[in-house]
Amino acid sequence: MDTLSFKTISANSATVDKKWVVIDAKEQVLGRLASSAAYLLRGKHKTNFTPHVDCGDNVIIINADKITLTGNKWEKKEYIHHTGFPGGQRSIVAKNLMAKNPIAMVEKAVKNMLPKNRLGAALYRNLHVYAGESHPHEAQQPEVITLNSIK
């Protein structure tokens, strides 16, 4: 029996093949977009996925200001944060947050779908969100991906 064929290959930072991908968020539902982006950032679509290694791709999301929410979420969904001072809990409705900072909704959705540890923080640094059509990462020659192609 050839035992060399049974070795489990574990990826590390030297053997990881990271790509740059672009996702167009125009007319996409926020949650579905965020879960696909988190899936790509984590690297779960790769055959050499290793849970404790940053083996995912660099994801660029464009048109973040053109996302959609289903149902009545534009008026009902609240984003809550705390200033750190007594009585400092603040909330903002999704419609107002979109008017104030359209990038924040996508970033918050993706960040909450990543692991809550140092690996998650490293993965989050590979996410780049832009409100318009253009992005400054043309030199990396990113590949355009449609959400339906991600399995």
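Author: Below are questions and answers on strands, helices and loops.

Author: This is a predicted model, where local features need pLDDT of at least 70, side-chain atom pairs count only at pLDDT 80 or more, and totals for chains, interfaces and linings use all residues. Residues are numbered from 1 along each chain as its sequence is written, and side-chain values use heavy atoms, with hydrogens and water left out.

Reader: What is the strand order of the open sheet of four strands?

Author: Helices (H or I, at least four residues) and strands (E, at least two) are DSSP runs, numbered from the N terminus. Two strands pair if DSSP finds at least two bridges between them. The pairing in this open sheet is parallel, and the order is S5-S2-S1-S6.

Reader: Which strands are the edge strands?

Author: An edge strand here pairs on one side only. That applies to S5 and to strand S6 (143-145).

Reader: Which residue in S5 stands opposite Ile-60?

Author: S2 and S5 run parallel, joined by three bridges. Opposite Ile-60 stands His-128.

Reader: What angle does the direction of H1 make with that of S2?

Author: H1 packs on the sheet and touches strand S1 (20-24), S2 and S5. Contact means heavy atoms within 4.5 Å. Axes are lines fitted to C-alpha atoms, for helices over the stretch in contact, and angles run from 0 to 180 degrees between N-to-C directions. With the direction of S2, that of H1 makes about 155°.

Reader: Is Asn-58 buried or exposed?

Author: Asn-58 lies in strand S2. Its contacts include Lys-18, Trp-20 and Asn-126, not counting residues up to four places away in sequence. Buried means under 20% relative accessible area, exposed over 50%, and partly exposed in between (1.4 Å probe, protein chains only). Asn-58 has a relative accessible area of 9%, so it is buried.

Reader: Are H1 and H4 parallel or oblique to each other?

Author: The axes of helix H1 (residues 30-42) and helix H4 (residues 102-111) come within 8 Å and cross at roughly 55°. Angles under 35 degrees count as roughly parallel, over 145 as roughly antiparallel, 65 to 115 as roughly perpendicular and the rest as oblique. H1 and H4 are therefore oblique.

Reader: Which residue in S4 is the bridge partner of Tyr-79?

Author: Strand S3 (residues 78-82) and strand S4 (residues 89-93) run antiparallel, joined by five bridges. Their hairpin has six residues between the strands, including Gly-84 with a positive phi near 100°. In S4, the partner of Tyr-79 is Ile-92.

Reader: Is Glu-27 buried or exposed?

Author: Glu-27 lies in the loop between S1 and H1. Its phi is positive, about 60°, although it is not a glycine. At a relative accessible area of 58%, Glu-27 is exposed.

Reader: What is the relative accessibility of Gln-141?

Author: Gln-141 sits in the loop between S5 and S6. It is not a glycine, yet it has a positive phi of about 50°. Gln-141 counts as exposed, with a relative accessibility of 68%.
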